Amino acid sequence: MSLEGRESEVVAGVHPQLFVGGKWRDAEGQKTFAVEDPSTGKTIAEVADASVADGLAALDAAVAAQSDWARTAPRDRGEILRKAFELITERADDLALLMTLEMGKPLSESKAEIAYGAEFFRWFSEEAVRINGRYAVAPNGATRLLTLKQPVGPCLMITPWNFPLAMGTRKIGPAIAAGCTMVVKPAALTPLTMLALADILAEAGLPDGVLNVVTTTATGDVMEPLIRDPRLRKLTFTGSTPVGRKLIEQSAEGILRVSMELGGNAPFLVFEDADLDKAVDGAMLAKMRNIGEACTAANRFLVHESVADTFAQKLAERMGAMTVGRGSEDGVQVGPLVEGKARDKVAELVADAVGSGATVLTGGEVPDGPGYFYPPTVLTGVGEDAQVFREEIFGPVAPVFTFSSDEEALRMANDTEYGLVAYAFTESLERAVRVYEGLETGMVGINQGVVSNPAAPFGGVKASGFGREGGAEGIDEYLEVKYVGLAL
Ligand code: NAP
């Protein structure tokens, strides 16, 4: 292993095994896979590589724990979440370092994710005790109508590598609050943070079998039997749209409750009346948060032609001045991309845009040396035929397109299969209302470059998926409504 000092200590503190029924255990045949530090390409840990039988054992544990767990007092479930929130907060520095080592993002960003991810536990600890029903007199007066909410049952949660903690806690938090048990499969690129979280939840008092964690590289083979198992009641997935489509098909067999948080292609609109400095501040967040590796990342900057040059120059100055390096080093603002394949894709998208006439204002060159670094890059003069107009970049590249009217801006913004989030900068309230009502997305940021908030419903429309995570809506994804007709 390539680590020393505190880095090696935080990795050594993680159980690199499967967490099933409250016990840590090896995968069948003691199979393991390597986890890499993307800033060096070196292995930092070997983690259990689950088989189909291991995956089914995790589901067995979740099914066995379901009925007792559903009967626990809401307050007790809330207190476990609250305790876990406190433990995560106490250990934020170690968890952030662990996350940076496996995922690459700068420590400051990992700390921000730890705080954001933990907040879902605090939020849902408060929601656990607010699961309510209704009572009504039927219109004919002869019966009474009662509704109650009950846990959906055992859930399968599949999460991506880009937010190794928060994409888990915003599913695990509401499931625990609602009284569901679960099997969690984190991304093979970043399993360590989720394994550390399993330990924290056990320490916070979560009963055995409520949460089970399965790490594997045989992902499709191990997940499909679980999805097709009639004992599973819900699938919640965060990841790419092509994988989401496949999983929706598999879920049809068991008529599962399904939540899909899929890809994005966020437009970032800058109107001619925008405060340009505010817009550039917002752009830095919307583009550079998480090195651009976010479903919410601004993918297309659509800027009014009268302010496009000034906006692009200001953005290029700010992005070009960022410090790129290993995420655990002081002062680093931009870490490596998660793997070589991701960097190749970003380089290919930039080459395609340049090939179709775009100009590089800053960045645009793959650096020499180890790790999967790519510099912050701003492109201008990009045409709608460039691949970056349609495809998720998932890297620190800002392509600037121009528009000449509000109608054209909205047409361009909505001209995508995706519909997760959009950002718009304008000083006119009337224009802001017209724009947010006209955007085909699940979320809109007006004069702000980040919308994620545990107290708000996060989710998309169109090919960005369905279902909401966070907010008052988040817990409903894990509850079934039962209606009781009561004759008098
Ligand atoms: P991905 O390739 O779709 O993988 C996501 C998860 O699905 C991983 O755990 C992956 O396992 C698993 N997976 C892959 N193939 C599978 C299969 N056949 N059956 C079951 N599970 C399978 O996506 P990613 O590259 O990790 O993440 C980036 C994508 O996530 C982007 O499109 C991004 O926009 C989206 N995202 C969306 C949101 C949102 O809330 N809307 C948030 C964050 C990210 P492996 O580890 O084996 O790959």
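## Glu 427 and its partner Lys 278

In this predicted model, Glu 427 is partly exposed, with a relative accessibility of 46%. Its side chain meets that of Lys 278 in a salt bridge, with an N to O distance of 3.1 Å. Glu 427 lies in the loop between β18 (421–425) and α15, whereas Lys 278 belongs to helix α10, so this contact ties together parts of the chain that are 149 residues apart in sequence. Lys 278 is also partly exposed, its relative accessible area being 34%.

Side chains of opposite charge can pair when their charged atoms come close. Across the whole structure, a search finds 32 salt bridges. One of them joins Arg 431 to Asp 273, with the closest N and O atoms 3.2 Å apart. Arg 431 is placed in helix α15 (residues 429–438) and Asp 273 in the loop between β12 (266–270) and α10 (276–288); the pair therefore ties together parts separated by 158 residues in sequence. Arg 431 has a relative accessibility of 12% and counts as buried because the cut-off for that class is under 20%. Asp 273, at 25%, is partly exposed.

Arg 431 and Asp 273 also belong to a network of salt bridges that share partners.

## Lys 314 and Asp 277

A further salt bridge is formed by Lys 314 and Asp 277, whose closest N and O atoms are 2.8 Å apart. This pair links distant parts of the chain, with Lys 314 in helix α11 (residues 308–320) and Asp 277 in helix α10, 37 residues apart. Lys 314 is partly exposed at 30% relative accessibility, and Asp 277 is partly exposed at 46%.

## Aromatic pairs

The search of the whole structure also finds 10 aromatic pairs. In one of these, the rings of Phe 268 and Phe 425 have centres 4.9 Å apart and planes at 20°, so the arrangement is stacked. Phe 268 is located in strand β12 and Phe 425 in strand β18, and the pair links parts of the chain 157 residues apart. Phe 268 and Phe 425 are both buried. Together with Phe 301, Phe 311 and Tyr 423, these two residues form one aromatic cluster.

The pair made by Phe 389 and Phe 401 is edge-to-face. The ring centres of Phe 389 and Phe 401 are 5.2 Å apart, and there is an angle of 75° between the planes. Phe 389 and Phe 401 are both buried.

## Charged groups over aromatic rings

Phe 389 has a second contact, in which the charged end of Arg 300 sits over its ring, 4.8 Å from the centre. Elsewhere, Lys 234 lies over the face of Tyr 478, at 5.0 Å from the ring centre.

Technical notes:
Residues are numbered from 1 along each chain as its sequence is written. This is a predicted model: local features need pLDDT of at least 70, side-chain atom pairs count only at pLDDT 80 or more; totals for chains, interfaces and linings use all residues. Side-chain values use heavy atoms; hydrogens and water are left out. A salt bridge is a side-chain nitrogen of Lys or Arg within 4 Å of a carboxyl oxygen of Asp or Glu. Helices (H or I, at least four residues) and strands (E, at least two) are DSSP runs, numbered from the N terminus. Buried means under 20% relative accessible area, exposed over 50%, partly exposed in between (1.4 Å probe, protein chains only). Rings of Phe, Tyr and Trp (its six-membered ring) pair if their centres lie within 6.5 Å; planes under 30 degrees apart count as stacked, over 60 as edge-to-face and the rest as tilted. A charge sits over a ring if NZ of Lys or CZ of Arg is within 6 Å of the ring centre and within 35 degrees of the ring normal.
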